[in-house]
Amino acid sequence: MIDQATIARIRDAIDIVQVIGDFVPLKRQGSDYVACCPFHQEKTPSFHVSPSRQFYNCFGCHEKGNAITFLMRHEQMTYVEALKWLGNKYGIEVNDTQESIEEIQKRNHRDSLLIVNEYACKSFIHNLLETQEGRTVGLEYFRERGFTDTTIKDFMLGYTVKEKDSFTKQAIAAGYKKELLLELGLSVQRTEGAYAGEITDKFNERVMFPIRSVNGTVVAFGGRILSKEKSPVKYMNSPESEIYSKKRVLYGLYESKNSITAQKNCYLVEGYTDVISMHQAGITNVVASCGTALTEEQVTLLKRFTQKITIIYDGDNAGINAALKGIDMFLQKGMNVKVVLIPNGEDPDSFARTHTKEDLENFLNKNEEDFLVYQYRTLSAQLTGDPYQEGLMINQISSSVSMIEDPGIRSAYINRASEMLGVNKDDFSSKVIALREERMTKANQYKSGQRNYTTPRTPLAYRNPSATGNSTAQDELRKSEQDIIYLLIHFGRMTIQNSANANVGAEKIYEPTVSEYIQQALSIDSLEISDPILKKLYNLYYSNIKAADSVTEVERFFVSNMDQEIAAAAIEIISPSYQFRSQAIKSSLKNIYNNLSAILPRTIYVYKSKVINLRIENLRTKLLALDKEQEEEIVNLTTQIQKLSVVKRKLLREAKFSK
C-alpha cells in the first residue's frame with residue numbers, strides 16, 4: 001500500500017497531457033487534445049484529452065478515465081505500478097508498504113474533514129437563502145453588489161448568523177465531532193475568563209466564500225464582516241489544516257479552469273469579489289490569490305492550464321507593488337507575463353460591475369502591457385534624477401529579465417531592455433548572466449546546506465584530470481564530453497530539422513531530438529562517456545529528464561543534486577563562462593541555437609576523434625614499453641595506430657577541422 005500523502009503529491013503533480021503524450025501523439029484542438037484512440041482501431045480521431053479536467057474520453061469506444069487508469073489500461077499496469085511509474089516521472093519517491101492502522105486512521109481523518117466542510121457549506125447556504133436574518137443581511141449585501149441568483153449558486157455563497165454558537169450547536173447535534181470543528185477553524189474554544197472551555201462559532205454575521213480545490217472540494221472558507229457596529233478584521237479565513245494549504249490554492253480556479261485552458265490566458269486578481277464580479281460580467285478565466293503573497297506552488301498550479309498570465313491589480317501604490325512582486329515568479333516558470341492596471345480609485349470588482357463584457361474585453365486588450373514595458377513605465381515614473389534610484393531600476397529590470405529561461409526570448413528582452421534603459425547592451429547582458437549564475441549557485445548551496453561559500457567547490461581531481469595522472473588526450477576527451485552534456489542540458493528536447501525535408505512535396509521523415517541524436521550517435525559505435533562524473537550526468541539526463549522540462553528545470557535538477565561532484569560538474573558546464581573546446585564551435589547560446597543542425601554532428605565528430613586519439617596514445621605508450629626483440633608485437637601495435645590515425649583524420653575532415 002502506498003501512503004495517502006504520497007498519492008496526493010503524485011495526483012497534484014500529474015499533467016495528463018504529458019502522461020498520455022508519452023504513448024500517444026496528441027494534437028491540440030481548442031481547449032482539448034485529440035488523437036486516434038489507442039484502445040480501438042479508427043482513422044478519424046475521437047480520443048479527447050482534457051488538461052483542465054485531467055480526464056480522457058473516447059467518443060468511439062467510450063473508454064474514459066484519468067492518467068492512472070490510462071496507464072493501467074494501456075500499459076497493463078497495476079494501480080501500484082502506475083503510481084510508481086508516475087512517481088518516477090515526476091521525481092516523487094514511492095514506497096509501497098502495507099497500510100498501517102495509523103495510515104488508515106489518517107486517511108479516514110482527512111475524509112472526515114472534507115465531509116465536515118461540505119456540511120458547513122450547505123449550512124451557510126441555508127442560512128443565506130432560508131433564514132430571515134440571512135435574506136435581510138447577507139442576501140441583501142450580495143444584491144447590492146449586483147450578484148445574481150445564478151452567480152450566488154455557482155460560487156456557493158453563504159452566510160453565518162449573528163448568534164455566537166448557532167453553527168457549532170447544529171453541527172454537534174448532527175453528529176459531527178467538536179474536535180473536527182475546532183481543527184477546521186469553524187469553531188473556537190475560549191481559554192481564559194469565566195467562559196473558559198466554551199466552544200463558539202468562529203464566523204459570525206459574515207457572508208461566506210467557500211474556497212475550493214482544483215477538483216472542486218471545499219477545503220476552507222473566507223468570511224467578510226458586515227456589522228458596522230464592530231471593527232474586527234474585515235476578512236477572516238480558515239486556518240491551514242490537513243486539507244487546506246493556502247499557498248497551494250487559488251480562489252476561483254475550479255470555476256475558471258476550463259475557460260483558462262480554452263482562452264490560453266488567465267487573469268490574476270486579488271480578492272473573492274474581484275473574481276465573482278468579473279465572472280458575472282463574462283470574463284470567466286480569472287482567479288485570485290486571496291490577498292496573500294503569490295507563491296511558487298500557485299504559479300506551478302496555474303501553469304498546468306496556461307502559459308500566459310495577465311496580472312490585474314488596482315492602480316494605487318499597493319497594487320503596483322503587488323504586480324511588480326508577482327512578475328518574477330511567473331517569468332521563472334517560463335510564462336508569458338502581461339500586466340493591466342485598473343484606473344486609480346477602482347478595483348476589478350467595481351470596474352467589472354460598471355462595464356459590459358464588451359467594454360471589459362476592449363479595456364483589457366487595449367491596456368495589456370508586456371511586463372518589461374510595465375516595469376519601465378512604472379519605475380521610471382518614480383525617478384527624481386537621482387542616479388542611485390536609476391541604478392535600482394536597472395537592477396530590478398535586469399533581475400526580471402534574468403528569470404527568463406528560454407535563451408532566444410531572454411536575448412530579445414536583453415536587446416529591448418538595454419535600448420529602453422539607454423545602457424550598453426553587452427554590459428546589461430553581462431549583468432543578466434551574472435544574476436542567473438549567482439541564482440543557480442545559491443540554489444545549489446541551499447540544497448546542499450552549504451551557504452557560506454560563493455564559488456562552487458569543484459573537486460580538484462575533477463577540475464584537473466592531469467592531477468590524477470590522466471594524459472592530455474584524456475583531458476581533451478573530457479572537454480568534448482562536457483560539450484555533449486552542454487548540448488543536452490540546453491537543447492536536449494529540441495528537434496533537429498533534417499535537410500532532406502527541404503524539398504517541396506517530399507514525404508516527411510522522422511526528425512530526432514538532440515537527446516535522441518546524441519544517444520544514437522554514441523550507441524551506434526558502442527561508446528560511453530569516459531569521465532565518471534560526466535557519465536553520471538549523462539545517465540541522469542536520460543533517466544530523469546522529461547520532454548516537457550524547461551531549460552531552467554533541467555539546470556535546477558542538476559545543480560541541486562545531492563551528489564556534490566555532480567552539482568559542481570553541472571555548474572561548470574552551465575556557467576556563462578563555459579566555452580566549447582574548439583574555436584570553430586565556440587559561440588554564444590543564441591548562435592548555437594541558430595546553427596544547431598550543423599554544430600551538433602560536428603560536436604559528435606570531434607568527440608569521436610578524441611576517443612580515437614586517446615586510444616592511439618594508449619597504444620603508443622604500450623609501444624614505447626616494448627623491447628626491440630618483441631618485433632611481432634611492435635608491428636601489430638604500429639598497424640593499429642596507423643589504422644586509427646586514418647579514422648581520426650576522417651572524423652576531423654567530417655567535422656571540418658584541421659589539426
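Author: Happy to. Contact here means heavy atoms within 4.5 Å. What you see is a predicted model, in which local features need pLDDT of at least 70 and side-chain atom pairs count only at pLDDT 80 or more, while totals for chains, interfaces and linings use all residues. Residues are numbered from 1 along each chain as its sequence is written, and side-chain values use heavy atoms, with hydrogens and water left out.

Let's begin with I518. Beyond its neighbours within four places in sequence, I518 is in contact with I484, L487, L488, Y538, Y542, L600 and I604. I518 belongs to the largest nonpolar core, which has 40 residues. A nonpolar core is a set of buried Ala, Val, Leu, Ile, Met, Phe, Trp, Tyr and Cys residues joined through side-chain atoms within 4.5 Å. Buried means under 20% relative accessible area, exposed means over 50%, and partly exposed lies in between (1.4 Å probe, protein chains only). The members that touch the most others are I485, L487, I518, L522, L537, F558 and Y607. At least two residues of this core come from each of α21 (472-491), α22 (514-523), α23 (532-544), α24 (551-559), α25 (564-574) and α27 (596-624). Helix α21 gives the largest share, 9 residues. Helices (H or I, at least four residues) and strands (E, at least two) are DSSP runs, numbered from the N terminus. As general background, nonpolar side chains tend to be buried together in soluble globular proteins.

There is also a second, separate core of 38 residues, including V214, L301, I309 and I397. Apart from neighbours within four places, K257 contacts S52, V214 and F305. K257 counts as buried because its relative accessible area is 9%. In sequence K257 and L302 are 45 residues apart, yet their C-alpha atoms are 8.9 Å apart in space.

The side chains of R212 and E255 meet at 2.8 Å, N to O. Because R212 sits in strand β9 (residues 206-212) and E255 in helix α10, this pair ties together parts that are 43 residues apart in sequence. R212 is buried, since its relative accessibility is 13%, whereas E255, at 24%, is partly exposed. Another salt bridge joins E368 and K308 at 3.3 Å, N to O. E368 lies in the loop between α15 (357-367) and β16 (369-370), while K308 is in strand β14 (residues 308-313), so to speak a link between distant parts of the chain, 60 residues apart. With a relative accessibility of 24%, E368 is partly exposed. Salt bridges that share partners also join R145, D349 and R353 into one network. The total count is 18 salt bridges.

One more buried site deserves a look. S402 is in helix α17 (residues 387-402), and its 0% relative accessibility is why it counts as buried. Not counting residues up to four places away, S402 touches V432, L435, R436 and R439.

Now for a sheet. Two strands pair if DSSP finds at least two bridges between them. Five strands form an open, antiparallel sheet in the order β1-β2-β3-β4-β5, with β1 (27-29) and β5 (64-65) at the edges, each pairing on one side only. Strand β2 (residues 32-35) is joined to strand β3 (residues 47-50) by 3 bridges, and Y33 has V49 as its bridge partner in β3.

As for disulfides (pairs of cysteine sulfur atoms within 2.5 Å), the count is 0. For C36, the nearest cysteine sulfur is that of C37, 8.8 Å away. C36 is partly exposed at 34% relative accessibility, while C121 is buried at 3%.

Finally, a word on confidence. The predictor's confidence in each residue, pLDDT, runs from 0 to 100. Its mean over the chain is 81, and 85% of the residues reach 70 or more. Over residues 446-470 pLDDT stays under 50, and the model has 34 contacts beyond four places in sequence for them. Residues 582-586 are also below 50, with 10 contacts beyond near neighbours in sequence.

Technical notes. Salt bridge = Lys/Arg side-chain N within 4 Å of Asp/Glu carboxyl O.
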